[in-house]
Each structure stands twice: as structure tokens, then as C-alpha cells.
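Dear colleague,

Please find below the structure that I am handing over to you. My notes on the fold and on selected packing contacts follow it.

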Amino acid sequence: MIDYLRQFNLASVLLRLTLAVVCGGLIGIERPGKRRPAGFRTHILICLGATMTTATSQYVYVVLGLYSDVARLGAQVIAGISFIGAGAIIMTKWRRVRGLTTAAGLWVAAIVGLCCGAGFYEGAVYGTALVLVAEVFFSKLEYRLLRDNREVTVYAEYASPSCLEEMVSRCHMLGIKIVDVEITKKGDESGNSCAVLALLSRQGAGKEDILQTLGGVEGVVTVVET
């Protein structure tokens, strides 16, 4: 039965397109819960488009009998998905890069679509299962492994340089290591300064404790996590 479905016929085409919708949806179903713009439908469309591309290459070669490299269109999908992936990656105003996992998920969805279009059903199913393991279970494992080394990036707006010195002093009191500091001037009439502090807490200080401690410094206007 599997050998029959690997051939280019109506049943195999329907199976490939249906499997692409299922696999793409499973890969993207976790993204909306984390408020990512490229979510459920985006992953389905990318996986389905890659499947149709590979199936079209086979149709031109097998049915129409035209000489064509069946892998050429699939190679263009891998290159073209880079544009969509780049659109999912953003840099916040606090110099933090976000969207790398989403971009990687879009790229994997395209590869799974190529597997579906080529009739490599085992690779599509197993690949989708491993992606789900990486997105759901490995993220929890990563949190447990790194919960003792909490990395927090804080954006602070303050009135005078002495405020920054006091924030640094309080970080040391909490046992927090300051990994990096970036200081800029706010471009408005307030004249306040802004700082982005990359902090590493090894002694159990939580994010709320850090924000509350730094926000309690006199002259600090705003303290938020980025």
C-alpha cells in the first residue's frame, strides 16, 4: 500500500496534501500560545506550499514527460523560506533578538512539506513528532536546567547617573551579576537616561524581586523586563 502511495496518482497527491496540512498545523499550533505572529495558519500554508512545489516538479517529469530536475523547485523553497523567516525575527528597542524559534519552525515546516511532496511519509511524520518534542518538552527541560541561572534583561529609565550607581549597588546586594550594560539618552524633553542591564541571578532572586528592588531606587522612573 505504501509503495502504491509513493507513486504519482490521485490518491498519493491527496494524501501528501492532507499530511502537509496536518504536519504544518501540528508544528505551528504551539506558536499562538506564545503570542507569535507566525502561527497555526502560517505554518500550514508554508508546509502545503512546499508540498505542492515538490508535487508539481514530479508532475512535470512523470505525467507531462518533460525533462526537468525534480529537485530544482524544492531547492528554491529552501532558499525562499529565508525571506519569511527573516520577517519573523525582530530586534526590540531594548536590543533583544526575538523570533528565532519561530523562524526555525517555519524553515522546518517547509522541509516537512518537501518530504510530504516527495512521498517520504515516514520522514514527514517522524520529523513533525521530533519538532513537537523540541518545542513542547525540551522548552520545559531547558527551563528546569536553567532555573538556577536566571537571565533577566531589564530596561530602566532614570533621572541622574547616581540612580544607575544605586541600581548597580543593589544588584550586588542581591547577589546578581551584571553581564552587560548599555546606556543611552532619551530623545525627549525629560532629559532622562535609559539603560539596558543584562543580569544573571545565581542565588534564587526572582524577576519580581529584581524589578521591585530596582524600581524602589529614588529617581528611577521606569523598570521593566524586556
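**Findings**

Of the 226 residues in the protein, 36% are buried. Please bear in mind that this is a predicted model.

*Overall architecture*

The protein contains eight helices and six strands. Read from the N terminus, its elements follow the order α-α-α-α-β-β-α-α-β-α-β-β-α-β. Among the contacts with a separation of 6 or more, 66% are between residues 24 or more positions apart.

*Helix 2 against helix 3*

Helix 2 spans residues 10–28 and helix 3 spans residues 40–62; their axes come within 7 Å and cross at roughly 150°. An angle over 145 degrees counts as roughly antiparallel, and helix 2 is therefore roughly antiparallel to helix 3. The crossing of helix 2 with helix 3 is right-handed.

On the helix 2 side, the contact involves Arg16, Leu17, Ala20, Val21, Gly24, Gly25, Ile27 and Gly28. Helix 3 contributes Phe40, His43, Ile44, Cys47, Leu48, Thr51, Met52 and Gln58. By class, the residues in this contact of helix 2 with helix 3 comprise nine nonpolar, six polar and one charged.

*Helix 3 against helix 4*

Helix 3 also packs with helix 4 (residues 72–88), at an angle of about 160° and with the axes 9 Å apart. These two helices, helix 3 and helix 4, are therefore roughly antiparallel to each other. Here, too, the crossing is right-handed, with helix 3 passing helix 4.

From helix 3, the residues making the contact are Ile46, Ala50, Thr53 and Ser57. Their counterparts in helix 4 are Leu73, Gly74, Val77, Ile81 and Ile84. The contact of helix 3 with helix 4 has six nonpolar and three polar residues, and no charged ones.

*Strands 4 and 5*

Strand 4 (residues 176–185) and strand 5 run antiparallel and are joined by nine bridges. Within this pairing, Ile178 has Leu199 of strand 5 as its bridge partner. Strand 5, which covers residues 193–201, is mostly covered, with eight of its nine residues buried.

*Points to view together*

Helix 3 takes part in both of the helix contacts described above, with helix 2 and with helix 4. The contact with helix 2 includes one charged residue, whereas the contact with helix 4 has none.

With kind regards

Conventions. Residues numbered from 1 in each chain as written. Predicted model: local features only at pLDDT ≥ 70, side-chain atom pairs only at ≥ 80, totals over all residues. Heavy atoms only, no water. Axes fitted to C-alpha atoms, helices over the stretch in contact; angles between N-to-C directions. Helix = DSSP H or I, 4+ residues; strand = E, 2+ residues; numbered from the N terminus. Parallel < 35°, antiparallel > 145°, perpendicular 65-115°, else oblique. Left-handed = near helix turned anticlockwise from the far one by under 90°. Contact = heavy atoms within 4.5 Å. Nonpolar A, V, L, I, M, F, W, Y, C, P; charged D, E, K, R; others polar. Buried < 20%, exposed > 50% of the residue type's maximum accessible area, 1.4 Å probe, protein only. Pairing = 2+ DSSP bridges.
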